[in-house]
Amino acid sequence: MSWLPVALLAVPLLGAFLLLVAPSILRPVLPAYGMAVSGVTLALAVALVATFDYGQAGRPQSTVDLPWVPGLDLRFHLGVDGISLPLVALTALLTFLCFAYLSWGDARRPGQLLHPRPGGARPRALVFTLLVLEVGMIGTFLALDLLLFFVFFEIVLVPMYFLIAIWGGEGRRGAAVKFILYTLLGSVVMLLGLLLIWAQTGTLDIVALGQAHGAGMSRGVQVLAFVAVGLGLAVKTPMWPLHTWLPDAHTQAPTVGSVLLAGVLLKMGTYGFARIAIPILPEGAAVVAPWLGAFAVVGIIYGSLACLAQRDLKRMIAYSSVGHMGFVLLGFATLTTVGINGALFANVAHGLITGLLFFLAGAIKDRHHTADIPSLGGGMLARLPHLGAVLTFASIASLGLPGLAGFWGEMLALLGAFQPAEVLPSALFRTFMVIGGLGAVLTAAYFLVMLSRVTHGVPSVPLPVPATTGPDDHRVAAGPGNGAAAAAGPGERADAIVRPPADLAAWETPDERPVDPMGTARPEALDIQRYELVAWVPLIVLILLFGLWPKLLLSLTTPAVQTLLGALS
């Protein structure tokens, strides 16, 4: 019996409870309070990583197994193995970085990050929502009972719905409703599949079911259960054509919502294939795998082509997730150690890279008040060199440049498709490999097109960077909402001097106005801020670390993958 898994759930849950019972005491320290609670949770996740026995990564460790509902033989069964440990750590890290981004960002820019729209702050509710969301996400990866897995799987839906509906953009209500309808309908189908497994085997224990590898269930029952469970997981993944809720949800969600949605929630769907569908229903997996691979490669191509057509930066990154998750599903469909290792590696890499991309998209929208790519005006490397450099780094990591984390998962998934499991048609999967390879080329294309439009060229829409040049004028680069341009002096650009807006809140706050004592403009002041470095540097380091040392993850997942493939190997 271990206390660590329980503590990982208890700390954020207790933190959320205290917000309900002592709001007046905690209100002055919001959202630093959320950062402290999530920091303790991250420390517990680090302790779990440090105490994990890497020589026994194929079996559950740090387990908790207590009676939950004795009359139905339901148990509160938690634990981690080589598959779930990286995802638990990723969840704790991203949640902490989101709170750090909110906490220090709100201190630097009062009201801006927690006030995405007038009247939409509600900082106590935001911290409460994120902490409950963390409980559901971590619990999903710790659960070793099918019903407990389902409970945690569903817990995340409510806080994510409110995160989009309350703190989202103009179309937040429609996006939130679409998100909840799709995911709830998928969950109903998945629950029917889980109940079918229970009816056939008499147990909900994931460890026992995984060791049995489908014993007690006929081939037809396994196929039916796999389809039901797989559909529910595919909605959350998301798999084409069940993905249509994702672009709207990402586009409308606040920055931290997009980071957690892409970085963790999508992984809950793919994790379910590795933890439940494939090991518990191996014969069903063998029958459905060709269809899963077909939907996966269609999603890869569709997502890439959709990205090429996008004008909105956040929407483009959202569609890129459809393509990247296609590689993950293709890896699972191969039913090989290589392919599933690639899928699990791509899971973690996508969480790191796309989380960073959504942080960057939020920062760009924060500065320009738009995520429309043509409206950004290009030339970011010239005017915001550090922000442009990090955006370039994240983009080339996402397109799969060797030496960065995004490369290994996709290449291993394609390699697994080249030589799939013996029970699968090799010619069909090699066709999938070719299509997936074309998708990798298209992925590079849309990221390079985006970079050429955003980071290169001469800036055509300068940033609003005010600097006092006189009692009435501010020397800035004209931009949307900056007021009408005044007459320029000799040798000056016509848009160089503009009248200050009537509402000074449209400018940077007084502490943030980039004005030095001499009154000259300092455009670099709108480049990467310290609170952004705090949130982004850990992701950059891990992207480099896993890209240069992939064995760090692969040595952890390989024993667990070999165990889950027992009946197919």
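1. Tyr319 is buried, at 10% relative accessible area; buried means under 20%, exposed over 50% and partly exposed in between, with a 1.4 Å probe and protein chains only. Tyr302 is partly exposed, with a relative accessible area of 32%.

2. A word on the source. This is a predicted model, where local features need pLDDT of at least 70 and side-chain atom pairs count only at pLDDT 80 or more, while totals for chains, interfaces and linings use all residues. Residues are numbered from 1 along each chain as its sequence is written, and side-chain values use heavy atoms, with hydrogens and water left out.

3. Aromatic pairs come next. The structure holds 14 of these pairs. Rings of Phe, Tyr and Trp (its six-membered ring) pair if their centres lie within 6.5 Å; planes under 30 degrees apart count as stacked, over 60 as edge-to-face and the rest as tilted. One of the pairs is Tyr161 with Phe162, which is edge-to-face at 5.2 Å centre to centre and 75 degrees between the planes. Tyr161 is partly exposed at 22% relative accessibility. Phe162 is also partly exposed, at 38%.

4. Tyr302 and Tyr319 form an edge-to-face pair, because their ring centres are 6.2 Å apart and their planes stand at 65 degrees. This pair links distant parts of the chain: Tyr302 is in helix α13 (residues 282-308), Tyr319 is in helix α14, and 17 residues separate them. Helices here are DSSP runs of H or I with at least four residues, strands are runs of E with at least two, and both are numbered from the N terminus.

5. Which residues do ring pairs link into a cluster? They are Tyr101, Phe359 and Tyr531.

6. Two charges over rings deserve a look. Lys236 lies over the face of Phe153, at 3.6 Å from the ring centre. The charged end of Arg430 sits over the ring of Phe418, 4.6 Å from its centre. The criterion is NZ of Lys or CZ of Arg within 6 Å of the ring centre and within 35 degrees of the ring normal.

7. Now the backbone. Most residues other than glycine have a negative phi, and most peptide bonds are trans. The bond from Thr237 to Pro238 is cis, with omega near -5 degrees. Another cis peptide bond joins Trp240 and Pro241, with omega about 5 degrees. Pro238 lies in the loop between α10 (219-236) and α11 (245-252). Pro241 is also in the loop between α10 and α11.

8. Leu335 is not a glycine, yet has a positive phi of about 55 degrees. Its place is the loop between α14 (313-333) and α15 (337-368). Is Leu335 buried or exposed? Leu335 is buried, with a relative accessible area of 4%.

9. His369 is another non-glycine residue with a positive phi, about 65 degrees. His369 is found in the loop between α15 and α16 (373-376). His369 counts as exposed, because its relative accessibility is 55%.

10. Finally, a contact across the sequence. Gln211 and Leu565 are 354 residues apart in sequence, and their C-alpha atoms are 10.0 Å apart in space. Gln211 lies in helix α9 (residues 206-212). Gln211 counts as exposed, at 62% relative accessibility.
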